[in-house]
Amino acid sequence: MTDTSSAISDQGRASSAGSPQEGEGFSLDLERFWIQALDLKYWLLGIVALGLIAGLVVTLLSTSLYRATARIEISQVTENITDARPLNNASRRSDLQYHQTQYELLRSKFLSERVSQAGNLARNEEFLAAFGLTEAGAVSQRQLDSLLRSNVSIQPLDNTSLVDISFSSPSKAISVLVADLWAQEYLDANYEKRFGANIEAREFLEGQIEELREKLAISERELVDYANANQLVILDSVGDSSGSETATQTLVGAELQALNTALAAATTERIQAESALRAGATGEAGAASSAALRGRLAEARAQLAELRSKFGPEYPAIKAKQAEIKSLGEAIAGEGSIDNQALTAAFRKSSLQEKALREKLNRAKDAFLGQQGQGIQYGILKREVDTNRELYEALLQRYKELEAAGAGKNNVTLIDAAEEPESAYAPSLPRNLLAGLIASLLIAAGLVYLREAMDQTIRDPSVVRRKFGITPLGLIPRVEADDIVEELVRRSSEISEAYAAARTNMTFLTSNGAPRTLMLTSTRPNEGKSISSVALARSFVQLGRTVLLIDADLRHSGLSDFIGISSDPMLGLSALLSGKETLQTSTVPVDPHGFDLLPTGQKPPNPVELLSGPGLRGVVQLALEHYDHVIVDGAPVLGLADALEVSRSVEGVIYIIESNGVNIRAVQTALGRLAGANANVFGAIVTKLDQRNSAYGYGYGYGYGYGYGDPDDDKS
């Protein structure tokens, strides 16, 4: 693409890039990162390779770890206030909160301490050897807790109440042991937390019951020993009105009571016998027999009277009846004598019985009175026995109630005990390789980011318009030829065509075409300013124009050597500005290129003062009388005032910017200085474009891979 339309098209594309849509800057930044990555591709590949090698080495050097898992179920705790039906479960939020609390308890230091104590892990030689702790008892509880908690894993299963408790160690047996201990200790701790009050109360009551049992046995033994020692035979307990037992009935008391009752009965009988004897009364049996005889006698007399009324005295029946009446009378007379004897005998018997009972009663009374004091002490001992028995029975009843209430079901259940793992789960080669790959990619990304953050050079030529507000007039590729001038002379070369396109774009800078006088400058040396001056001068010559190229870099003269001509050091711009020479005597024709050169000549001690006067403007105006275009190769802007002074003597400035080299902030500073000097910046030529800029679409088919040769080939 060497024609003018191509250059204009490229300029239009750069111009359109000068007003990006919102968000385009972010896209361009990503492109810069991608380009940096491509530029560092070998470094990045090396970092990735090192990451993979590191993953492999870690896998080979790491100790094999075995993981054993015990599974438990944590059910939600629900309460039941009646026996009719259970209440509904709590809300989902409460359920999640409860389970989350249990997960934290499973990971707690409290549980790790229980596990270490339950398994006596501080002195478990196999456990210590598995973790490289050879000396038993040398590990503190804090270190042991940290070791346990760092190797345990609590993993709830999604959408279930199941929880996996896993422990990893270099030993299969230790992994199984600790996983099972962890699950069992959690079950025990949960049960103690739920029913701990009942358990503590039962333990307390067990002690109290045992103590009261001993006291009751002792008090009963003392009571029995006292009764035996004092020959107290206890028959029954006697209670007072309040229902408490205050005394006891002994055998002597019972005997006294019986004798007293018998004596009262004997006395009554004696009195009755005595009364009957005095009254002549018979006993019940005698009275009955006498009454019967008298009845028969009366009946016989009645029959005799009836017979006499009918028969005479000699009638046999009458004689027989008279004999019967006589016999009955004799019998009745005999009965009266017998009754008196019976009454006397009965009176004597009752009197003797009364006397005997009274004597026994007196002896029993004496014995009973002797046991009165002993009964009081016995009652005291008896009450102590009764009190101990009541307390014992009350505590025993309460213990049974707590036993029934405290035998609740644990809401945590062991589902699967840990099993010995068949193989090690770590180190995992795929996992370590993936980790190494991820780590290396992160490092690579960080390297790209740091490189990009530190690299504030121009990659996208459209930045020239967006950042600096000037038009990119030309985009010049980097060439790697040994002789850059030779490439420039060859009109079919890519660099020659690029400068031709830049020259074409310059014809649109003013209404009369390309500016007749202009200066080329740059931010710093070695950005392609001098080669651009030579190339533009050649390009204008190819159009049939006469061109004078002025080397105004009085501090670093060398344009003559660059294009391969020799000149008198006493002649040149310095002598011309000093008034020692004329323009005709100072210029040197450059036959291979077709333009004339005004070299710097002798280096002056005060370049800025020499350039700041009206002399340079006069030289330029004088040159316009003989040349169509005057191109001034000025000094770099930063650090010097030379270019600022030269810009006053020309129509405008063409700013040379090295892509992938000069810092954007430096360019902005340099352009700011030119603006402060009221310099008219026509546009910019971006030089040394290479493959790093190809992603932005600025290749132009120049065949990236070329360069400007050594920096020494470009004197500025």
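**Figure 1. Asparagine N678 in the loop between α24 and β14.** In this predicted model, N678 counts as exposed, with a relative accessibility of 70%. The cut-off for exposed is over 50%, so the value of 70% places N678 in that class. N678 has a positive phi of about 60°, although it is not a glycine. The loop that holds N678 runs between helix α24 and strand β14, and β14 spans residues 681-689.

**Figure 2. Asparagine N526 in the loop between β8 and α17.** N526 also has a positive phi, of about 65°, and it is not a glycine. N526 has a relative accessibility of 28% and counts as partly exposed. Partly exposed covers values between the 20% limit for buried and the 50% limit for exposed, so N526 at 28% belongs there.

**Figure 3. The cis peptide bond between A426 and P427.** The bond that joins A426 and P427 is cis, with omega at about 0°. P427 is placed in the loop between strand β6 (412-416) and helix α13 (429-454).

**Figure 4. Isoleucine I664 in helix α24.** Helix α24 covers residues 664-676, and I664 is part of it. I664 has a relative accessible area of 11% and is buried. In sequence, I664 and T457 are 207 residues apart, yet their C-alpha atoms are 5.6 Å apart in space. When neighbours within four places in sequence are left aside, the residues in contact with I664 are Q456, T457, I458, V463 and F468.

**Figure 5. An aromatic cluster of F127, F131 and F167.** Ring pairs link these three phenylalanines, F127, F131 and F167. The count of aromatic pairs comes to two. In one of them, the rings of F127 and F131 have their centres 5.1 Å apart and their planes at 55°, so this pair is tilted. In the pair of F131 and F167, the centres are 6.3 Å apart and the planes are at 70°, which makes the pair edge-to-face. F131 lies in the loop between α6 (125-130) and α7, while F167 lies in strand β3, so the pair ties together parts that are 36 residues apart in sequence. F127 is buried, with a relative accessible area of 0%. F167 is buried too, and its relative accessible area is 0%.

**Figure 6. Serine S166 in strand β3.** Strand β3 is made of residues 162-169, and S166 is found in it. S166 is buried, with a relative accessible area of 8%. That value is under the 20% cut-off, so S166 counts as buried. The side chain of S166 makes a polar contact with the side chain of T69, at 2.7 Å. Apart from neighbours within four places in sequence, S166 is in contact with R67, A68 and T69, and also with N151, V152 and S153.

**Figure 7. The packing of helix α5 against helix α7.** Helix α5 consists of residues 109-118 and helix α7 of residues 141-151. Their axes are 9 Å apart, and the helices pack at an angle of about 105°. The two helices are therefore roughly perpendicular to each other. On the α5 side, the contact is made by K109, S112, E113 and S116. On the α7 side, it is made by Q141, L144, D145, L148 and R149. The residues of this contact divide into four charged, three polar and two nonpolar.

**Figure 8. Glutamate E185 in helix α8.** Helix α8 extends over residues 172-229 and includes E185. E185 is buried, with a relative accessible area of 11%. The side chains of E185 and R114 make a polar contact at 3.1 Å. Leaving aside neighbours within four places in sequence, E185 is in contact with L111, R114, V115 and A118.

**Figure 9. The chain as a whole, for orientation.** The chain has 24 helices and 14 strands. Of its 716 residues, 42% are buried. Among contacts between residues at least 6 apart in sequence, 79% join residues at least 24 apart.

Definitions and conventions. Residues numbered from 1 in each chain as written. Predicted model: local features only at pLDDT ≥ 70, side-chain atom pairs only at ≥ 80, totals over all residues. Heavy atoms only, no water. Helix = DSSP H or I, 4+ residues; strand = E, 2+ residues; numbered from the N terminus. Buried < 20%, exposed > 50% of the residue type's maximum accessible area, 1.4 Å probe, protein only. Polar contact = N/O pair within 3.5 Å; in protein donor to acceptor, adjacent residues only side chain to side chain. Contact = heavy atoms within 4.5 Å. Axes fitted to C-alpha atoms, helices over the stretch in contact; angles between N-to-C directions. Parallel < 35°, antiparallel > 145°, perpendicular 65-115°, else oblique. Nonpolar A, V, L, I, M, F, W, Y, C, P; charged D, E, K, R; others polar. Phe/Tyr/Trp six-rings, centres within 6.5 Å; stacked < 30°, edge-to-face > 60°.
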